[in-house]
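Open your viewer and get the selection tool ready. We will go from stop to stop, and at each one you will hear what to select and what to look for.

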Amino acid sequence: MSMIAGHLEPYLVLSGLLFSIGSFGFLARRNAISMLMSVEIMLNAVNIAVVAFGAFVPALAGQGIAFAMLIIAVAAAEATVGLAIIIAIYRNRKTPLVDEYDTMRQ
Amino acid sequence: MSLITALIRAASESGEPAAVLPEYAPLLLLLPLGGFLLTAAIGRRLGKLAHIVPLLAIVATWALSMSLAVPALLGDLGEAGASRELFTWIASGDLTFSMGIHVDALTGALLLVVTTVGALVHLYSVGYMSHDPGYWRFFAYLNLFMFSMLLLVLASNLLVVFAAWELVGLSSYLLIGFWYTKREPGLAAKKAFITNRVGDVGFALGLMGLVAVFGTLDIPTVLAGVAAGELTGTAATVIALLIFCGAVGKSAQFPLHVWLPDAMEGPTPVSALIHAATMVNAGVYLVARMSPLFAASPEAMLVVAAIGIFTAIFAASIAFTQTDIKRVLAFSTLSQLGYMFAALGVGAWVPAIFHLITHGFFKGLLFLGSGSVIHAVDGEQEMPKMGGLAKKIPITYATMLIGTIAIAGLPPLAGFWSKDEILGEAFKFGYTWVWLVGLVVAGATAFYMFRLMGLTFWGKSRIREDVHPHESPWTMTLPLILLAIPSIGIGVLLGFPVADGIIVHGLEPIFHTANEMLGHEHAKWQLFGIDGILMLASVTVASIGTAIGVRLFRSDNGDRIRAITARLQPLYVGSKGRWFFDDLNDLIFVRLGGRVAHAAWWFDRRIVDGAVNGVGALTSSGGRGLRQIQTGRVQNYALGIALGLAAMAIAYLVIGS
Amino acid sequence: MPLPDTLPLIGITWADALFMLLGGVAVAGALGVVLGRDIIRNGLLLILTLGAIAGIYVMLGAAILAGAQVLVYIGAISVLILFAIMLTQSKAAPAKLNFQTQAVPAALISALLALIFAVTLGGGGWNATVFDGTPPPEGTRGAADALFGPYLLAFEVASVLLLAAVIGGIYLASLPRAGQIGAEEEEERR
Amino acid sequence: MNDLLTIAPLLSVGLTAVAVLLSDAITPNRKYAPISVALAGLGITAWILLQQSGGVVTALNGAYVGGPFVAYLGLLGAAIVAITLLISPDHLFARGYPSAEFAATLLFALCGTILLAAAADLVTLFIALELMVIPGYLLAGFAKRDPLSTEGAVKYFLLGSFSSAILLFGIVLLWGATGTASLTEIAMSLTSLTTGVPPAVAVALALITTGSAFKIAAVPFHYWTPDAYQGSPTPITGYLSVGPKIGAFVLLIKLFLIALLPLADVWIPVMVILAAATMTLGNLVALTQGNVKRMLAYSSIAHTGYLMVGIVAAGAGEASGIAGILFYGAAYALMNLGAFAFLAVIQGRPGATVQLSDLAGLGRKHPQIALLAALFLLSLTGIPPTAGFFAKAYVILSAVQAGGLAAVLAIVAVLNAAIAAFYYLRVIVYLFMRDPAETDVQVATSPLLRAGLLIAAAGTILLGLLPGGLIEAVVQALAS
């Protein structure tokens with residue numbers, strides 16, 4: 001009898017844990033690309049929850065995979081735009097370190 | 001019914017009461033609005049002819065408004081007045097706001113003053129502003145102001161009244177700051193706008209309270225609800241006082257009066273129009289309009305009376321020592337408005353509105369006259385640099401003298417009738433303190449007004465050598481003459497016989513509900529009874545003030561004052577009395593009076609004004625403090641988001657469980 | 001030889017063990033991404049994490065999604081990220097100073113969030129089925145039904161989103177065209 | 001086929017975007033061609049939306065619900081994009097930025113806005129939101145050689161994707177907890193809750209509130225706004241301050257006033273605090289700004305607070321709250337776009353910043369432009385007879401009708417409206433009552449820009465003088 005893998009909760013806890021790790025990375029890292037990677041971890045954490053719901057909640061059977069695929073598409077779009085913006089600002093500032101982008105503050 | 005009433009009624013065409021206003025009524029609003037739009041669009045190209053459209057628009061508005069105001073005051077529109085629905089402004093769900101106009105006797109009283117003085121100010125401005133490069137702009141603003149003011153008076157829904165209220169503030173901002181190239185007018189305009197805004201917050205909150213209680217801002221519905229006892233106790237007091245806040249701001253009552261003296265930086269016609277005859281009356285009108293609401297709360301009435309009478313004496317004491325001719329008039333306006341609020345506060349509704357009418361005419365006259373004086377002496381406003389102008393500008397002098405006698409409360413001119421009724425009712429309703437202070441103010445008013453006349457027109461000329469005083473053109477003197485007529489006669493016309501005149505018959509029904517709620521009943525007026533004695537008292541006090549003022553300021557230097565009093569002393573008092581008279585004069589009017597006035601002035605400048613400025617400074621420094629959290633760094637921001645998230649999760653877990 | 005139902009000696013089922021392994025790799029990999037010093041290694045660890053998550057998808061019966069994960073994420077996004085890392089890795093960038101000054105409060109808040117998630121999400125109350133072992137494999141049929149049923153519009157719009165992102169991304173990341181502001185400056189630099 | 005007809009507004013905007021790109025590919029040197037194509041496409045879209053304003057139509061298995069609500073928001077969105085397209089060329093072409101990518105990106109975002117209004121389930125809603133905001137990141141960085149623009153964009157993007165992840169997690173948890181993606185079914189499922197809010201749903205609510213508060217720039221999730229707004233090219237700032245914001249309020253209507261309405265008692269206190277903090281901070285900080293663009297950025301935060309009053313009122317059961325939001329949205333869009341268009345005019349040449357002192361005496365040198373600016377500022381202040389007055393009055397009065405906490409919030413809003421007068425008025429004082437500045441402010445307007453300014457001005461006045469018509473349209477939109 002499986003104690004863990006057959007229950008929904010462990011997957012959700014894993015999802016929450018990865019989400020928190022991702023948010024830590026976002027809050028603590030200085031490099032814009034590291035921050036972007038952290039956001040990707042957060043989105044993947046959410047995806048685990050999505051797929052787990054699809055698998056365990058009868059009302060959502062089949063929907064999980066579809067939803068998760070859409071989220072992957074959104075993540076891809078975000079990554080494309082984000083990397084383009086980061087490359088653009090790198091051309092201007094010659095640094096990927098976000099805390100040096102503080103020209104505007106009043 | 002008096003003979004005069006009968007004569008006027010015979011002259012007026014409309015005999016039948018009409019519940020619906022005639023179809024042309026909206027023109028009252030459309031004419032000035034059209035004048036404004038047209039002048040704004042093409043005025044610049046018209047150059048020196050830019051006044052034609054706005055002037056004609058206002059004269060037509062005047063004629064139309066008279067055709068409504070006269071029947072309204074005579075009660076021919078019925079007690080409830082007449083209305084006309086224009087269109088539904090906002091309609092959705094439970095909130096409906098319709099745009100309608102309503103004319104009853106109260107509206108009529110306001111229309112009478114607003115359009116008459118308004119039209120004459122337009123005419124006056126043709127001469128006064130003729131050399132100003134912003135000629136067309138000035139007339140455009142004037143029409144905009146007239147539109148806003150008429151909308152305020154005519155609207156039958158408080159939301160529209162509030163909108164007009166703000167519009168009036170906006171157009172007065174434009175007019176006060178008309179000479180924007182100079183620094184002071186700009187600052188004064190901003191101060192007027194912002195101080196008014198403070199009062200408007202209270203007004204807005206009060207309106208919200210009314211919506212919360214009645215679900216509508218339709219004036220008749222709200223008032224009927226109040227009369228039916230749906231709003232009482234603390235709620236009534238709070239809402240009434242909040243609405244009074246708006247009135248305090250717009251009518252420049254203590255402590256929001258600070259803007260009015262500064263607003264004298266605007267052109268003088270503006271002072272006459274806005275700061276004497278129209279805008280400052282809006283607060284009085286509002287309180288009178290909402291009379292049942294105030295009657296529902298004795299506490300609110302008391303506050304209104306106290307603030308009114310305090311402003312009256314406070315402003316009068318400041319007017320004593322002012323040397324700028326327009327500032328004296330400005331403080332005098334504050335004082336007279338205080339009178340009106342004191343009247344409202346004691347429940348003397350009709351005399352308050354009566355005084356509003358008479359004051360509108362004679363104060364308009366005085367302001368326009370002062371403009372004519374300033375015009376004559378080439379822009380000088382300091383009275384110590386005037387003097388002896390009576391012969392040089394006789395029409396201005398004569399008309400201003402009429403205005404002064406009227407405001408001093410000497411019979412039979414206009415001010416006497418209304419002021420006497422205020423004092424009389426205050427006494428009879430048991431507000432002895434209001435009556436006493438009011439009496440002192442009446443004497444003081446007479447004094448400082450004759451001081452103004454003396455310093456300006458009498459004695460030797462102290463005018464600069466190179467200035468040659470000249471009488472103003474007819475466009476300026478004609479309005480003076482036309483305003484002098486009502487300043488003399490409107491009191492008798494409306495107020496005689498006392499307590500039985502047109503004004504009482506016209507307005508009494510409007511305040512019927514409020515009077516019933518207060519339990520005020522009007523006994524028959526008796527000349528040979530308490531009323532006669534009260535009248536005698538006010539006339540006496542006014543005469544004393546006048547006598548002292550005339551005596552002291554008939555001439556202009558201290559030596560001559562003493563010499564004249566020395567020569568005249570045997571005629572009045574004995575030797576001991578002379579000593580007494582001289583020293584008392586010295587003590588009261590020179591030393592003590594000076595001190596009090598100075599203290600009041602200081603209090604006004606430092607404490608009250610300082611508090612108003614202080615609020616501004618405080619909010620700014622608050623903003624600077626808050627600005628610190630904007631560090632410019634993404635992660636600081638993100639940390640804020642994460643903190644917010646965690647806090648919110650905990651909050652929801654707590655609230656939800 | 002058939003395998004025993006549980007792991008020898010410790011009595012954990014294979015499914016549980018697999019979950020712990022994959023979950024552990026994912027968590028460890030993610031920690032490596034956010035804590036590691038070398039940004040290129042961070043990128044590689046991200047790929048490892050995403051791979052472990054793909055394994056979890058397989059456990060949850062979503063093999064098709066695992067495929068998509070490998071193709072899109074590991075095959076495209078991660079490679080894109082690695083490219084961006086190479087592009088922006090200037091010599092001047094100090095490799096040691098990877099963390100903000102606020103790293104400690106960030107860690108505390110993240111730990112608090114993790115705690116909140118663990119307590120609330122792990123506390124049950126979901127209308128979920130319990131399976132013996134892992135959930136049964138989800139056929140592609142069910143996913144296709146959802147994707148071309150209620151989510152058809154979202155699916156179509158996702159393609160518009162990608163189009164918009166690609167167009168804008170190309171514009172932003174490309175060097176200025178001749179005649180645009182900054183073009184001459186770019187010429188000089190070359 | 002019927003489905004395609006129903007989603008025709010979406011298709012029309014999407015195809016217009018493609019047509020814009022094609023037109024640029026065919027005639028690369030005609031800068032105005034993409035703008036013209038986009039405006040024509042918007043006209044067609046507006047016509048289609050008007051056809052659909054009659055009744056509710058659904059398509060694609062209920063994922064798309066068209067009708068008056070979509071028509072209203074679609075027309076508003078199309079108007080915002082159209083005005084942005086009119087006011088931008090002067091500013092962008094002077095700096096050498098391409099028009100095709102610009103127009104297409106705006107149109108993609110409009111697709112997202114329309115879909116947000118039409119979405120009936122969480123999944124479509126999220127995709128629509130992303131389609132609306134991702135073009136926003138691109139637009140913020142559109143001046144890619146300008147360090148400020150890219151800095152604003154990178155902040156907007158990073159914080160935006162962070163908050164998107166938070167919002168998504170919340171949506172997923174709500175989806176899992178209720179077992180359905182449909183907004184109305186979620187509401188039904190939540191209504192049946194008897195014993196308090198389950199912890200998981202409470203966490204989902206927190207995540208959703210945080211995420212959506214970020215999208216509308218409510219305090220304390222507003223930090224990105226001033227930087228992103230200041231850095232972006234000015235006409236784009238105008239768009240960013242209205243387009244995505246109104247779209248985000250549609251998201252709030254869908255999430256909080258449909259799906260999460262049964263939990264209104266739980267989220268109203270939080271929303272009230274957020275709204276009060278938002279308007280107060282926005283106004284107070286705006287008081288201290290010397291840079292006019294940044295001042296307008298903070299002022300737009302304050303307006304977010306006023307809009308949230310409508311959400312609270314509607315949550316407390318006052319139906320006119322939503323009508324208030326929709327009317328406020330239209331008024332705000334016109335006056336704020338107008339104000340930014342004015343700034344764009346002043347920044348005629350590249351490199352010009354707009355400090356308050358730069359505006360001194362503009363009323364004398366360029367009276368027409370200054371008068372229009374004064375109109376927009378007065379409307380933002382809430383002075384009648386402009387649109388801003390009725391918008392504010394309507395939202396606030398609906399909150400008063402709702403009573404309770406909403407009425408308290410209404411009082412805060414009134415106090416704030418008074419504070420706001422200080423800083424808007426200061427700009428007017430500089431425009432008309434100061435001596436002209438030494439620095440020469442160049443004012444050059446093309447016919448397009450003038451048309452954009454005039455449309456915004458006309459709308460600001462018309463909505464103020466005759467708000468009845470629009471409010472009827474709004475009420476009709478809500479009846480669906």
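At what angle do helix α17 of chain B and helix α18 of chain B pack, and how far apart are their axes? Before the reply, a word on the ground rules. This is a predicted model, in which local features need pLDDT of at least 70 and side-chain atom pairs count only at pLDDT 80 or more, while totals for chains, interfaces and linings use all residues. Residues are numbered from 1 along each chain as its sequence is written, chains are lettered from A and ligands numbered from 1 in the order in which they are written, and side-chain values use heavy atoms, with hydrogens and water left out.

**Stop 1: a pair of helices in chain B**

Select residues 394-408 of chain B for α17 and residues 414-428 of chain B for α18. Helices here are DSSP runs of H or I with at least four residues, strands are runs of E with at least two, and both are numbered from the N terminus. The two helices pack at an angle of about 15°, with their axes 6 Å apart. That makes α17(B) roughly parallel to α18(B). Angles under 35 degrees count as roughly parallel, over 145 as roughly antiparallel, 65 to 115 as roughly perpendicular and the rest as oblique. The axes are lines fitted to C-alpha atoms, for helices over the stretch in contact, and the angles run from 0 to 180 degrees between N-to-C directions.

Now show the side chains where the helices meet. From α17(B) come B:Ala406, B:Ile407 and B:Ala408, and from α18(B) come B:Ala414, B:Gly415, B:Phe416 and B:Lys419. Contact means heavy atoms within 4.5 Å. These residues divide into 5 nonpolar, 1 polar and 1 charged. In this grouping Ala, Val, Leu, Ile, Met, Phe, Trp, Tyr, Cys and Pro count as nonpolar, Asp, Glu, Lys and Arg as charged, and the others, Gly among them, as polar.

**Stop 2: on to the next helix**

Which residues meet in α18(B) and α19(B)? On the α18(B) side, pick B:Lys419, B:Leu423, B:Ala426 and B:Phe427. On the α19(B) side, pick B:Thr432, B:Val434, B:Trp435, B:Gly438, B:Leu439, B:Ala442 and B:Thr445. The contact divides into 7 nonpolar, 3 polar and 1 charged.

**Stop 3: all of chain B, then a loop**

Zoom out to chain B, which has 26 helices and 2 strands. Of its 657 residues, 62% count as buried. Buried means under 20% relative accessible area, exposed over 50% and partly exposed in between, with a 1.4 Å probe and protein chains only.

Next, select B:Ala252 in the loop between α9 (233-250) and α10 (259-262) of chain B. Its phi is positive, about 55°, although B:Ala252 is not a glycine. At 0% relative accessibility, B:Ala252 counts as buried.

**Stop 4: a loop in chain D**

Move to chain D and select D:Ala217, in the loop between α9 and α10 of that chain. Here too phi is positive, about 65°, and D:Ala217 is not a glycine. D:Ala217 is buried, with a relative accessible area of 0%.

D:Pro220 lies in the loop between α9 (199-216) and α10 (224-231) of chain D.

**Stop 5: a serine and an aspartate in chain D**

Which residues does D:Ser300 touch, not counting residues up to four places away in sequence? Select D:Ser300 in helix α13 (residues 292-315) of chain D, then show D:Thr225, D:Tyr229, D:Lys245, D:Tyr332 and D:Asn336, which are the residues it touches. D:Ser300 has 0% relative accessibility and counts as buried.

Finish in this chain with D:Asp358, in the loop between α14 (320-346) and α15 (362-365). D:Asp358 is buried, with a relative accessible area of 15%. Draw a line from its C-alpha atom to that of D:Val292: they are 66 residues apart along the chain and separated by 9.5 Å.

**Last stop: chain C**

Select chain C, with its 7 helices and 0 strands. Of the 190 residues of chain C, 44% count as buried.
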